[in-house]
Amino acid sequence: MEKLKVKMNKNMNLSKDLYNKEKLDKKPTRDGYGYGLVELGKKNPNVVVLGADLTASTRCDWFQKEFPERFIQCGIAEQNMMLVAVGLSLTGKIPFASTYSVFCPGRNWDQIRISVGQNNANVKFTGAHAGVSVGADGATHQGLEDIAITRCLPNITVLAPCDMIETQKATIAAGEMEGPVYLRFAREATPIFTTNKTPFKIGRAEIFKEGKDVSIIACGPTVHEALLAANDLEKEGISVEVVNNHTIKPIDEKTLIETSKKTGAVVTAEDHQVMGGMGSAVAEVLGKNQPTPIEMVGVQDRWGESGEPDELMKEFGLLAKDIKEAVKKVIKRKK
Amino acid sequence: MTIKELEKKANKIREDVIKMLLEAKSGHSAGSLGMADVFTALYFGDVVKYNPKKIDWEERDRVILSNAHICPVWYATLAHAGYLPIKELKTLRKLGSRLQGHPSRIHLDCMETSGGSLAQGLGIACGMAYNFAKIDKTDNWVWALISDGEMNEGSMWEAIMFAGKYRLFNITAIMDRNNIQIDGYTEDVMPLESLREKFEAFNWHVLEVDGHNIDEIVDACNQSKVIFEKPVVIIAHTVPGKGVDFIEWEYGWHGRVPCPEEAKKAIDCLRTLNGKIKSENE
């Protein structure tokens, strides 16, 4: 009977082993990018991929093997890679410029702002290896600001998919829509908890689990931590709604307002700085439309560090247990 | 057009540049005047393939202005070429105008790109040229207008390296070598020479012209199209502010515009065409 209280949203078709972290298959989200690119390449001859000396670790080598004539090696020159992508897009191609998030949008932000943004160029660009979960490479290589610096640019779509399968869907959806898109990936293998039948639509947040006491709004692999937290909290008698907010821009205001109206308390969770990130985007929406107490799980205004990914997730407070604490804190603030 | 007619056209474009800048009350005078002969050569010397009646014509050449702050000369040239009404030039930099302070493709659809922050045009030109040469295999030519000052930016060299690697023969870059930038003379701010050797080292073919000799400019542009296997840069040696004696060579005029009295003096200066024509304003 205890279990019946956990109300999964059946329409989401999530993995049946959702709460069994050990049983779930683990793959890095960037693998989904690799698969998505190959699929897009087969469907559309206009899809081209650009790399900046990180071809294998961004999984672009899979596309390169299938379509060598449509892969362009740009060298360690992210600014120029982005400009070349713009030139390709303005002459009819659908370019995917691929590298790590610290370099793109980190190093080539001006090119994104002007040449991608102000041309409204149909360029897709990716930031792989985002978050502290990158691990031992340390602060320089842990992209924690990419959401903040892309979502402030008009007209640019910002996506942070939650697992490998969703990343594949997001990549394909990005390639099929007109306009600039930023896609964010993680480095580490993370649980695959969605399935091919889980719905994905750019601009629509999905309620992965229904609840009534509090809403956890998360993006990226942190969504799974949110679900684990929710499952534990149910056992303690707290009913938690979990929202997969993969599209940070354009943000799904309707779903966010509805869930917070329903539960009256919100926790946001992301592997990104809390300043300017997905949580801030949620706070902007709720502050204007549905003022609700919010606690934010994320990197709290500090640089990353070296360490094992799981150690870092613990150190920076990005695990299910941290989300649980935030839930308890926010519930106390409920009116 | 004959060379004489082209020279007159360039002068007319300069006159429009002065009028636009006077009306706008802000903008960049020196570079705009300095490049009038190059723009005239490109659009009226049978160099660029274009059709103002069909702006999305697939066979058109692409013209990219990387040092986009000199857009007044481009707008004026495009107006003379039939892309926009001459009277629209006076809307430059005004709210709601298609003629933004720096070119915007979103506002003016005959622009190939938006630009403003320096050193972005050549990389975009590379992407277009790569597509035409290597993927679509079409004959479209890419004309990238660049400036000497923006060579300070590292991303210029990234683009130069890229074009050299892929032997993008279908790019002709034309550099406005006017030796000035905002803070002073280029060789004082951050020395660029020897530009020829630098480009050559990156696998480019280099041509140099007097940027006010329309005959030479047209000739170099035509030559650049028969150099195979290498991108070409035409270093156009220009005089900033060309045609208006009190603006010429003055780097202080990079980012300022004439007041009404100065504008009148400037137009008088232009109308004399080196003393051959007497100004009607006298």
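**View 1. R177(B) stands opposite H237(B), a residue of strand β7(B).** In this predicted model, the strands shown here are β3 of chain B, covering residues 171–177, and β7 of chain B, covering residues 232–237, and they pair in the parallel sense over six bridges. Helix α9 of chain B, made of residues 214–224, packs on the sheet and touches β3, β6 and β7 of chain B. The direction of helix α9 makes about 165° with that of β6(B).

**View 2. Five strands of chain B form an open sheet with parallel pairing.** Read across the sheet, the strands follow the order β1-β2-β3-β7-β6. The edges are taken by β1 (62–65) and β6 (205–210) of chain B, and because each of them has a single partner strand, one side of each is left without a neighbour in the sheet. On average, and with direction ignored, neighbouring strands of this sheet are turned by 20° against each other.

**View 3. The largest nonpolar core has 194 residues.** The residues with the most contacts inside this core are V84(A), I216(A), C126(B) and I234(B). In chain A, the core draws at least three residues from each of domain 1 (2–24 + 196–333) and domain 2 (26–191).

**View 4. C126(B) touches residues of chain A as well as residues of chain B.** Not counting residues up to four places away in sequence, C126(B) touches L83(A), V84(A) and G87(A) from chain A, together with A159(B), F162(B), A163(B), L168(B) and I171(B) from chain B.

**View 5. T77(B) is a buried residue found in helix α4 of chain B.** The helix that holds T77(B) covers residues 71–80. T77(B) counts as buried because 24 other C-beta atoms lie within 10 Å, whereas the cut-off for a buried residue is 20 or more. When its neighbours within four places in sequence are left aside, T77(B) is in contact with I13(B), F39(B), T40(B) and Y43(B). T77(B) and H102(B) are 25 residues apart in sequence, and their C-alpha atoms are 15 Å apart in space.

**View 6. Helix α1 and helix α10 of chain B pack at an angle of about 175°.** Helix α1 of chain B is formed by residues 3–24 and helix α10 of chain B by residues 260–271, and their axes are 10 Å apart. The angle makes α1(B) roughly antiparallel to α10(B), since angles over 145 degrees are counted in that way. On the side of α1(B), the contact is made by N11(B), R14(B), E15(B), I18(B) and L22(B), while α10(B) contributes P260(B), A263(B), A266(B), I267(B) and L270(B).

Notes: Residues numbered from 1 in each chain as written. Chains lettered and ligands numbered in written order. Predicted model: local features only at pLDDT ≥ 70, side-chain atom pairs only at ≥ 80, totals over all residues. Pairing = 2+ DSSP bridges. Helix = DSSP H or I, 4+ residues; strand = E, 2+ residues; numbered from the N terminus. Axes fitted to C-alpha atoms, helices over the stretch in contact; angles between N-to-C directions. Contact = placed C-beta atoms within 7 Å. Core = buried A, V, L, I, M, F, W, Y, C linked by C-beta atoms within 7 Å. Buried ≥ 20, exposed ≤ 12 C-beta atoms within 10 Å, placed from the backbone. Domains from an automatic or database assignment. Parallel < 35°, antiparallel > 145°, perpendicular 65-115°, else oblique.
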